[in-house]
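Keep the viewer open as you read.

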Amino acid sequence: MTTRITPWGLTAKVLVDGILPRIDSRLEASRRPFDRDDLFRPYAQSRLWGWTHYGVFIPDLPAPYRYLNTMTFIGPTGTLMFDNDELAAADARNTATVLSSTAHANQHHYRAYDASTECDFAEDGHLLKWGDDLSIRVALPNVAVDATYESFEAHITLTVTDTVSYFVRSAVYDHISLLAPFDAVIKDETGNHRFSGLGTFEYARCVSPQALSSRPLPKALKLPADFFTYQIINLDADTQLLLTDVRAAGATACRLAHVRTRSGQAEVYSDVTFEVLEHEEPLTDPYGREMRVPARMRWTVRDGEREVLTIDATHDSPWRFGHGRGYVSAYSYTGRWNGSAISGNGYIEWVDVEP
């Protein structure tokens, strides 16, 4: 069967395969301490920066929670894989969303907000509020998250380090993750549960064709980003692993492995292989759309002839809808890292709208 390549698909391949490697400095920047002061603004009224993202992710909590995520967008992305146009505000550019969940019971919040009437985003980014549900206070190196949802509360304080991982670093798109030790309280019907460990504080800003229109872009005009997985593993109490695979119309935009430590050591590997060994039954979202999701996965990371890491993962917790058109969850894994056996718990984000 021949796959029809759309004009957007050809553009994506030229951009991702030809232009992006020349303008993106993510690999070098991921090995240096973070030193930028031009980020962390919400750009809620900008017609240049079409969307921004703030995220706080805790990948490794004891059962039954497994993980805690706080995933936000301010503005729609104008991409196939992240926009749920059914939730668009009256002016689509004012659409803001929050996804927060754990693996426990029904602890899952996903909601859209009209940023012009329901949110409060300080221009300098120091205070961000999505209705009465979520507030994020940013005064680096300190970040505070306070959330009150229908099924649970989450209160997190992070001490953000200068150990940074860039997924993209360019004039039109910045996307970073900063290593951030945390203390957290999850409050639910069983009481207050306290945790501490290694988390992440994340931010992105990006130009988008959606910024030019108050109506959601038709599918044919959306950017053809159609596959995304982002996974976080704390390899030990001091070491965090980030795994990313992003594709657009058949071209690989980002397939990287970042390893960083509390002491400030950071490395990024680009010789990365990701395989889905087995799929589960497809999921159906609230809008009737099906999506393939993995049951078993494998990551392999090499540095020249040396195998740095291999991970075999088995999905084993509920899928939570709302990472754009996709889902978040947790898995168990076994593998080897620098020759030593490892095992544990990982956090996964998954969106697959490839043809």
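## About the model

This is a predicted model, in which local features need pLDDT of at least 70 and side-chain atom pairs count only at pLDDT 80 or more, while totals for chains, interfaces and linings use all residues. Residues are numbered from 1 along each chain as its sequence is written, and side-chain values use heavy atoms, without hydrogens and water.

## Asp188

Asp188 sits in strand β11, residues 173-188 (strands are DSSP E runs of at least two residues, helices H or I runs of at least four, numbered from the N terminus). Asp188 is buried (under 20% relative accessible area with a 1.4 Å probe, protein chains only; over 50% is exposed, and in between is partly exposed).

Setting aside neighbours within four places in sequence, the contacts of Asp188 (heavy atoms within 4.5 Å) include His104 and His193.

## Cis prolines

The Ala63 to Pro64 peptide bond is cis, with omega near 10°; Pro64 lies in the loop between β1 and β2. Leu140 and Pro141 are also joined by a cis bond, with omega about 15°, and Pro141 belongs to the loop between β7 and β8.

## Positive phi

Phe40, not a glycine, has a positive phi of about 75°. Phe40 is in the loop between α2 and β1 and is buried at 6% relative accessible area.

Asn338 has a positive phi near 50°. Asn338 lies in the loop between β23 and β24 and is partly exposed, at 44%.

Conventions
Lys, Arg positive; Asp, Glu negative; His and termini not counted. Salt bridge = Lys/Arg side-chain N within 4 Å of Asp/Glu carboxyl O.
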